[in-house]
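Thanks for coming. I have one model to go through today, and I will keep to what can be computed from its atoms.

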Amino acid sequence: MNNQRQVTRRSNFFLTRALPALTLTLMVGLGVFVLLIWAGKETDEASQERQARLVRLVISQLQTDVAHSQESATVWDDAVVEVRAGNAAWIDDNLGTWMHDYFGFDSVYVLDTSDRPIYAFTDGTIANQFAYDAIESEVAPLAEALRAKLAAGDDSQVNDQVLTPGISDLAVIRDRPAVVSVKPIVPHSPLVQQETGEEYLHVAIRFLDGSLIEELQTDYMFEDLHFSWTPDGSNQPLTTAENTIIGYFVWQPYRPGSAVMTRVIPVLTGVLAVALVSIAVFLIIHHNRSKKLEESEERIHYLAMHDPLTDLPNRMHFNERVDRRLAEHPESPLALLYLDLDRFKQVNDTLGHPAGDALISDFARRLRTILREDDLVARIGGDEFSIMLSGKGGEAEIDALCRRIVDEARVPFQIEGNTVFVGVSIGAAICPRDGDDRVNLLRKADVALYYSKTTGRGRYSFFSDAMDETLGLRRKTEMDLRQALLGENQLSVYFQPIQSARTQQIVGCEALLRWHHPEIGWISPELFIPIAEEAGLIEDLGQFALRKACTAAAKWSGLSIAVNVSGVELANPAYAGKVEQILVATGLPPARLELEITESVATNEDSAAAANLSALRDLGVRIAIDDFGTGFSSLGRLQSLNIDRIKIDRSFVQALEGRGDDEAIIRAIVDIAHAKGLQTTAEGVETPEQDRTLTRMHCDDLQGFLYGRPMPLQDINRKLGLAFEAPKRDSGLAMMPGSGAKD
């Protein structure tokens with residue numbers, strides 16, 4: 001009986017407690033197991049999809065980058081000329097080997113107007129042109145498609161980033177998957193003419209199973225990534241424009257869910273309590289891993305949309321925000337600004353690129369403090385920035401913000417112990433007055449920026465229709481200037497006397513170039529000198545002015561002649577020799593010639609300019625720094641400059657009667673210059689009070705309207721008491737009153 005009761009009790013315990021508990025435990029365990037399987041699978045699928053999207057993005061970006069990189073050399077006057085001429089060495093240097101070394105192109109071909117190869121580069125060296133035959137079947141359709149697009153005048157691809165039409169696709173090249181991009185070789189200016197259908201084509205090939213795989217594995221942690229002709233495991237098909245699959249990128253997918261499950265499942269086979277704890281641990285691990293993946297994605301996206309130096313949005317981010325803003329509020333006032341730092345190149349050339357980076361970062365911080373929360377500033381490259389201003393207060397508010405930005409940029413920057421003076425030029429376009437789409441507004445802002453640059457810098461300009469006309473006028477001015485250099489009576493040299501502060505006698509003159517246009521009259525040097533520098537005419541103008549000045553000064557007894565020299569001229573290694581030839585031809589002693597240069601040229605020690613300056617000083621020619629104080633050198637830098645004279649900028653002289661700090665600056669410049677054994681000249685002297693003040697400071701020489709305006713040769717000879725000899729090319733030109741870059 002007792003035995004029967006024990007059996008019954010055990011049976012009841014099993015049926016009423018053990019079995020339900022075991023069943024519940026098994027159900028909980030099974031539920032947890034099912035949950036783990038589901039969560040792990042979802043995590044694995046999400047991770048795999050992220051990797052597949054990343055592969056697609058990288059391949060798409062590679063196609064764009066290859067085409068964009070081609071345009072660095074295919075949109076070029078020299079490229080058209082040299083390819084037509086069949087200059088094999090030039091083609092290899094600029095269209096083949098350079099693109100292989102710099103952009104990583106695996107193969108490059110240049111096709112003539114009949115789509116036959118005139119140049120081939122593959123396997124790291126120049127190849128026989130018949131190498132093209134092996135890939136012609138893949139490339140020829142792309143070339144034909146591009147020819148058709150060019151013949152039809154299809155420029156739908158062309159925008160502010162893409163300069164020419166092109167054809168790009170994926171293809172199998174020599175049994176390897178590759179990006180193939182075909183671009184036309186076209187001129188970048190109207191100086192070289194090219195008819196439609198006469199374009200040579202540039203073919204660039206970048207294999208997908210080479211360095212790209214290493215980059216993906218290194219940068220994005222793909223495991224066992226390789227190319228395969230058949231799909232295997234996790235893969236991303238490589239599809240052409242015609243939806244033809246040419247192969248697959250295959251990799252071992254990262255499975256965070258499976259990794260966690262492998263650790264947790266053994267625990268589930270043990271005690272339920274351990275299983276429950278393990279579930280909690282898994283959920284925590286799963287959450288943390290998912291969070292890390294999301295943070296990694298967010299970081300990648302952030303880096304893709306921001307400038308790493310300033311942490312500002314980049315061009316892509318800026319464009320997206322502007323498009324969204326214009327779509328959501330098309331009628332609200334909005335301004336798009338283009339900004340460009342003035343004299344930034346001088347900082348890079350003199351203090352080095354790290355100092356330039358520091359300047360960019362500092363300027364970006366200043367912009368952030370000026371702009372409001374709903375404004376947007378982006379760095380779009382180099383020293384260029386773009387800004388979207390909300391303009392809730394209308395154009396007056398936009399005008400005030402632009403003025404604040406210009407004023408803030410004028411405040412000196414402290415960079416690596418140097419006081420740097422720069423500025424900023426701004427161009428602005430306003431929506432809806434100037435347009436309602438981003439591309440048009442940015443183009444007009446760029447035009448306005450160009451206007452600000454060419455009309456003095458350190459200022460801001462709002463777009464107007466007249467600015468488009470100004471660009472046309474600028475191009476016409478360049479052509480007219482070329483004709484003026486060939487003519488006999490448009491260009492002339494004027495002379496402004498320089499007076500000794502101690503003796504009140506004329507000790508020399510400065511030569512100033514003048515241009516009298518036969519149709520529109522006098523043209524300011526502030527307009528045509530920058531055009532000449534951009535058009536490559538400044539050396540011819542400089543030689544003309546130097547020869548005229550030396551010819552005139554050779555007839556003056558003991559007086560010096562000062563001539564401005566641009567950095568472009570000094571960058572020519574042959575410049576010192578040309579100066580010596582002119583001195584010999586005109587008979588002017590070298591000691592009576594003074595060449596005026598900028599601070600940046602004087603401080604550049606590793607260049608052809610430095611060699612030229614050294615040779616000129618050995619010859620006996622004197623060197624002066626013009627407009628001292630407007631650059632970025634500290635006063636202490638005077639002690640290291642190898643020069644003869646400092647010319648104090650007119651901005652300090654004109655402020656003498658109103659600001660004591662400018663008087664202190666001039667006094668410091670004069671004292672340091674004299675301690676160094678340098679002479680000083682003050683420019684822009686217009687009043688007797690300025691004369692007395694500068695004389696009291698022991699400034700050596702004075703120059704300005706008080707002593708004489710720039711005048712033609714016959715007038716300066718008359719002022720010097722010399723007989724006038726009519727010049728052969730400058731006769732009949734009246735003095736241009738009140739014009740010119742200097743007094």
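First, the ground rules. This is a predicted model, so local features need pLDDT of at least 70 and side-chain atom pairs count only at pLDDT 80 or more, while totals for chains, interfaces and linings use all residues. Residues are numbered from 1 along each chain as its sequence is written, and side-chain values use heavy atoms, with hydrogens and water left out.

Now the chain. Its secondary structure comes to 23 helices and 25 strands. Those are DSSP runs, numbered from the N terminus: helices are H or I with at least four residues, strands are E with at least two. Of the 743 residues, 47% count as buried. Buried means under 20% relative accessible area, exposed means over 50%, and partly exposed is in between, with a 1.4 Å probe and protein chains only. The accessible surface is about 35800 Å², and 53% of that belongs to carbon and sulfur atoms. Those areas come from the Shrake-Rupley method with a 1.4 Å probe; for residues, only the protein chains shown count as cover. On contacts, meaning heavy atoms within 4.5 Å: among those between residues at least 6 apart in sequence, 65% join residues at least 24 apart.

Next, salt bridges. Side chains of opposite charge can pair when their charged atoms come close. The rule here is a side-chain nitrogen of Lys or Arg within 4 Å of a carboxyl oxygen of Asp or Glu, and the count by that rule is 28.

Pair one is aspartate 133 with arginine 116, at 3.1 Å from N to O. Aspartate 133 sits in the loop between strand 3 (125–126) and helix 4 (136–151), and arginine 116 in the loop between strand 1 (107–111) and strand 2 (117–122), so the bridge ties together parts 17 residues apart in sequence. Aspartate 133 is partly exposed at 36% relative accessible area, and arginine 116 is partly exposed at 32%.

Pair two is aspartate 307 with arginine 379, at 3.1 Å, N to O. Here the aspartate is in the loop between helix 7 (272–305) and helix 8 (315–328) and the arginine is in strand 11 (residues 376–381), so the linked parts are 72 residues apart in sequence.

As for the network, salt bridges link Glu510, Glu596, Lys647 and Glu683.

Now helix 10, residues 353–370. At 1.5 Å a residue, its 18 residues should span 26 Å, and the end C-alpha atoms are 26 Å apart, which agrees. The expected span is 1.5 Å times one less than the number of residues. Its buried residues include Leu359, Asp362, Phe363 and Arg366. An α-helix has 3.6 residues a turn, so residues three or four places apart point the same way.

What does phenylalanine 413 contact, leaving aside neighbours within four places in sequence? Leu359, Asp362, Phe363 and Arg366 are among its contacts, and so are Asn418, Thr419, Val420 and Val422. This phenylalanine is in strand 13 (residues 413–415) and is buried, with a relative accessible area of 0%. Its C-alpha atom is 7.2 Å from that of leucine 359, 54 residues away along the chain.

Serine 228, in strand 7 (residues 223–228), is buried at 15%. Not counting residues up to four places away, serine 228 touches Gly247, Tyr248 and Val250.

Last, the backbone. Most residues other than glycine have a negative phi, and most peptide bonds are trans. Cysteine 431 and proline 432 are joined by a cis peptide bond, with omega about 5°. Proline 432 is in the loop between strand 15 (423–431) and helix 12 (438–454). Glutamate 416, not a glycine, has a positive phi of about 50° and is exposed at 54%. Histidine 698 also has a positive phi, about 70°, and is exposed at 58%. Histidine 698 lies in the loop between helix 22 (688–696) and strand 25.
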